[in-house]
Every structure is written in structure tokens, then in C-alpha cells.
Amino acid sequence: MAEVSILGMTVILLALIPNSSGARLEVSADVIIYDSTPSGIMAAVAASRQGMDVCLVVPTNHIGGMCSSDLGRTDKGDPSVIGGLALEFFVRVGHLYNSTEPIYNFEPHIAERVFRDILAEANVTIYTNEPIASVRKADNRIIEIETNRTRFVGSVFVDASYEGDLMALANITFSLGRLGQESSSLYNETLAGFRGTAKGHEFQACVNPLDAEGNTLPLVSKQPQEQVGDGDNRIQSYNFRLCVTQDADNMIPFKQPPGYNSSTWEIARRLFSIQPPSKHDLPSGGLGPLPNGKYDMNNAGPISTDYIGGSQNWPTASWQQRKEIWQEHKEYTQGLLWFLSQDPSLNTSVHRIMATWGLCKDEFVHNDFWPPLLYVREARRMLGDVVFTQSLVEKQQGHDIGNESIGMGSYNYDMHNTQRYACTNANSCPVYPIPYAWNEGDVETNPGYHYQIPLGILLPKKEEASNLVVPVAVSASHVGFGTLRLEPQFMIMGHTAGTAAAIAIKSNSTLQ
């Protein structure tokens, strides 16, 4: 076993050491937390501050989830609803920028530094490169989780992964996508199911999505059969949040990905021939300013960094399959940037502008300057006794849920497109003369008021697990999850998870 100290924090590097005996090391703690997302970190710190012995089991060597993987422009909504350890994090970020106020837009390495500091101060032991392999239960209690190297035995377990991997291995009921059971009628949600159109990032011109033989172009699928409100299993799109700059002294130019094929980008070529990208659209219209001349580059527009359709198999994929999907997303993103940088169909002014942008030389240095995490906006969602839905939020208008509340939220129902298809049926395609390309699934609708988050959405059904808390892949509909899936709210729910775990252990009771 290798033990190192990073910024005063104990990190166990087990998975890097060959195990000739084949036997798994056994580690015991009061609280076992899976994955170092911001939610998992807050759970670990909260439990430790309550006197618990805490192990943080990390599937990779990355600490800090999306906040330290360049989701630097925080989707904060109304910051007045952000409190507890979440607020402490943003205040500590502010301190590193010599501010007495919380700062919500920050560089990735600053987020990682704050997370590592707060974990070290809480004496949380971290086990890196330990992806979960199995879960052992006795009746409705989890006894241990196993990786390929280690058995982690605990009293309470917290699944803080974006994918809900521990939860799934523990046979907890979950849902995916906009399931057939999750039509607009199931939870009385006006935003549920197939949307028919996108609220944002839609084609604003008629772009032919078919080739000369009538086949769909790359990056375009056939028109689906669903009607508005129908459920389906589609997963909203993922992307990489790139840290980019125009500072020539701190810039790595965009480069051609392996196997680049310019024909992949024919749909973009046709779009930009009708609507050329402006200076403000490059390299993406979704640029969020960060300190020191850096930008958090997000998706913006009908063809951008969201790899629409590429996320479909991620939630339930194996680790090897996820590595392949991760690489597909990287090559998609690199391909888009390379296309904009050099494709002869574009005006040379576009090429000149793209040449002024690049990846930040001082971020993700050990990962080819590329963020380590794919932005998994949504994967599995637990199905507990309480389900967070659009209608649940609407019922809160003017109504306080009392001591069921663990925190608050205020952000949009924010779901990204699930598919790009060729609109070929005149009866259901009234916008342009058919055929035309169309994005579907984007929703950007604000609830209109602050809402409270009930404790019950963090808990599985008692008969399925009485000692598990799930603060990320919470019990929610696709629409409900759309307003909960922001890192400040994940931190708030993680804080609750760690506190609830400590209370359950101290009182010798179940979480429910």
C-alpha cells in the first residue's frame, strides 16, 4: 500500500500497486463515500466534522468532480439560497482571489485546491483509482463495497457518483431518460417527455440533413415517432467544459484529432454556409469569463460542443465502455474546433479568429490540457418513496414543507437536447419546408420562485437499503432533476447526506 501526503491530505494509492496474492485489502470506517464529486466531498467533510471516521473512495485520481474539471462558471441561480458547506466552498474560493466575498466563477485548479484543503482539514482518507465492482448486502443493509483491490466495510454508505453506480449495484430501483412510464401524465408535468422542439440551441434556418441518396448526414438521426409528451429512454447530451484563453503566453492551439474526417461535419458546413458564425460565436457562444483571462467554454447554438446522441449508453456502461465514449466525445469536440479552424468552406476570418483561441497551458497539465471528466448532466436517477418532480415544485408555491426541507434551489429546469433528427414528415414538421435538421429536448424554463428540497429524495425505499444515502443521482423525474442538477445543490445535498449518516450512526437507527 502506497500512502502519500498531498497538501496535508492522506491519499492511498492502492490501485497502482500490483497485488500478487489476489486478496483484497479490507478497510473499515463509519461512513464510506463513493466518488469525490463536490457532493461527495461535502458529505465526507460533514460526516467527519460530526466525529465520524470517513473513507472517500474515488474511481479515478481526480478530486472535485465537475467543479475542478472546468465547470468554473457556476450555475448558481439566486446565491441567497446557497448556504452551509456549499457557501463555505465559494467563500474559500474567494479568499484565494483575495476577496472577502464568495466567488462563483473560478479556475479549475483553484477549485481542486479548495477541495483538497477542506478534505485535509477534516482528516478524510482518500482511496484513488478504485472504481466500484460489487456491493454485498445482508437483507436491506449494505455491508461492504468492493473494488478490484479493496473491500470497504462501513455502517453507512453514500453514493455521490454522477452515475449512481453504487446504487445500481445495490439493486436500488432507478429510472433512465424520459422513460415510457415517465410521460407527461405520470407526474403531471407539462415539461415531461418528447418536446417536439428545442427551447434553445435550435436551428434558425432550413438546413437539409440528407445526402444525395436521401440518407441522413453524420450527426443526424431519423425522425422519431413520438408525440409531444410521450416518454422515451433518451439521455440528454453531454460535453466537455473546456478551459480556453486568448492569452498567447498561456495557450495551447487546438489540434486535429486522430482519424479526423471532414465529411463528418457536412451538417455544420451547410448550416454555416447559410448562417456564418460571427466573432461572438467563436469558439463557442457559451463563453463564461473566469479569472486570469480564462473562459469556461460551454455549448451554445444548434451545432456546438454538446455531442447530441453520444451520451445514450453512458449511464449503464462498463468502465471500459465509458472510456471509449469519453474518447468519442473528445474527438467530436476536437473535430468541431478543427473544422472551425481550417475548413475551406468557412471564411478565412473564421480561421483567423479561431487561431487566437486555445486550451489553457496551466490547466490539466497531466491530461494533455484536457478536462478529465465528461460533463455527465444526468444518468441514473433513483426511484424512492419521494420523487422530486415539476408538480412537487409547483405545489410549494406559497407552501413551506417544514422540517422535511434540507436546502433550497432556484435554477431553471435545464435539460439539454437529446437528439438531432431529419424532419421529413410534413404533418409533424411545420417550421420549414421539409426536409430540415431539428434539435429536440432542450428545456430552459424557470420555476418562477425558490423551492425547498425534501430529505426523502436522497433516500431509497427502506426495504431496498436502510443505510444508503444518494445525494447526486437522487429520486427525481427527468424534469425535476433538471433544476436540481447544479453543483451548489449537489453540495447542499451532500452536506445533508454526511450529516444524516452521522446522526443515523450515533442514534443507531436507519436513515429512513
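In what order do the 5 strands of the open sheet lie? The order is β11-β14-β10-β13-β12, and the pairing is antiparallel. The model discussed here is predicted.

**Open sheet**

- The edges of the sheet are formed by β11 (251-253) and β12 (286-290); each has a single partner strand, so one side of each is left without a neighbour in the sheet.
- On average, neighbouring strands in this sheet are turned by 45 degrees against each other, with direction ignored.
- Strand β10 (residues 242-245) and strand β13 (residues 294-298) run antiparallel and are joined by 4 bridges.
- Within this pairing, Thr-245 has Lys-294 of β13 as its bridge partner.

**Cysteines and the disulfide**

- The model contains 1 disulfide, and this bond links Cys-423 to Cys-429 with an S to S distance of 2.1 Å.
- In general terms, a disulfide is a covalent bond between the sulfur atoms of two cysteines.
- The link of Cys-423 and Cys-429 is left-handed, with -85 degrees about the S-S bond.
- Cys-423 and Cys-429 are both buried.
- Cys-67 is buried, as its relative accessible area is 2%.

**The loop between β18 and β19**

- Asn-427 lies in the loop between β18 (419-423) and β19 (436-440).
- With a relative accessible area of 76%, Asn-427 is exposed, because the cut-off for an exposed residue is over 50%.
- Asn-427 and Gln-489 are 62 residues apart along the chain, and their C-alpha atoms are separated by 41 Å.
- Pro-435 is also placed in the loop between β18 and β19, and the peptide bond from Ile-434 to Pro-435 is cis, with omega near 0 degrees.

**Cavities**

- Rolling a probe the size of a water molecule over the atoms shows where empty space is left.
- There are 3 cavities of 30 Å³ or more in the model.
- The largest cavity holds about 50 Å³ of space.
- Residues that line the largest cavity include His-201, Asn-299, Asp-306, His-416, Arg-420 and Asp-442.
- By residue class, the lining of the largest cavity consists of 3 nonpolar, 6 polar and 3 charged residues.

**Largest pocket**

- The volume of the largest pocket is about 1200 Å³.
- Which residues lie nearest the centre of the largest pocket? They are Thr-60, Asn-61, His-62, Pro-372 and Leu-373, among the 43 residues that line the pocket.
- Two or more residues of this lining come from each of the elements α3 (108-121), β6 (132-138) and α6 (319-342).
- The lining of the largest pocket divides into 20 nonpolar, 14 polar and 9 charged residues.

**Backbone geometry in other loops**

- A cis peptide bond, with omega near -10 degrees, runs from Leu-282 to Pro-283.
- Pro-283 is situated in the loop between α5 (266-274) and β12.
- Asn-188 is not a glycine, yet its phi is positive, at about 60 degrees.
- The position of Asn-188 is in the loop between β9 (174-175) and β10, and its relative accessible area of 56% makes this residue exposed.
- Phe-369 likewise has a positive phi, near 65 degrees, in a residue other than glycine.
- Phe-369 belongs to the loop between β14 (358-360) and β15 (381-382).

Conventions
Residues numbered from 1 in each chain as written. Predicted model: local features only at pLDDT ≥ 70, side-chain atom pairs only at ≥ 80, totals over all residues. Heavy atoms only, no water. Disulfide = S-S within 2.5 Å. Buried < 20%, exposed > 50% of the residue type's maximum accessible area, 1.4 Å probe, protein only. Pairing = 2+ DSSP bridges. Axes fitted to C-alpha atoms, helices over the stretch in contact; angles between N-to-C directions. 1 Å grid on protein atoms, 1.4 Å probe; cavity = no way out; pocket = protein on both sides within 12 Å on 5 of 7 lines; lining within 4 Å. Points joined across faces, edges and corners; volume = space filled by probe spheres on them. Nonpolar A, V, L, I, M, F, W, Y, C, P; charged D, E, K, R; others polar.
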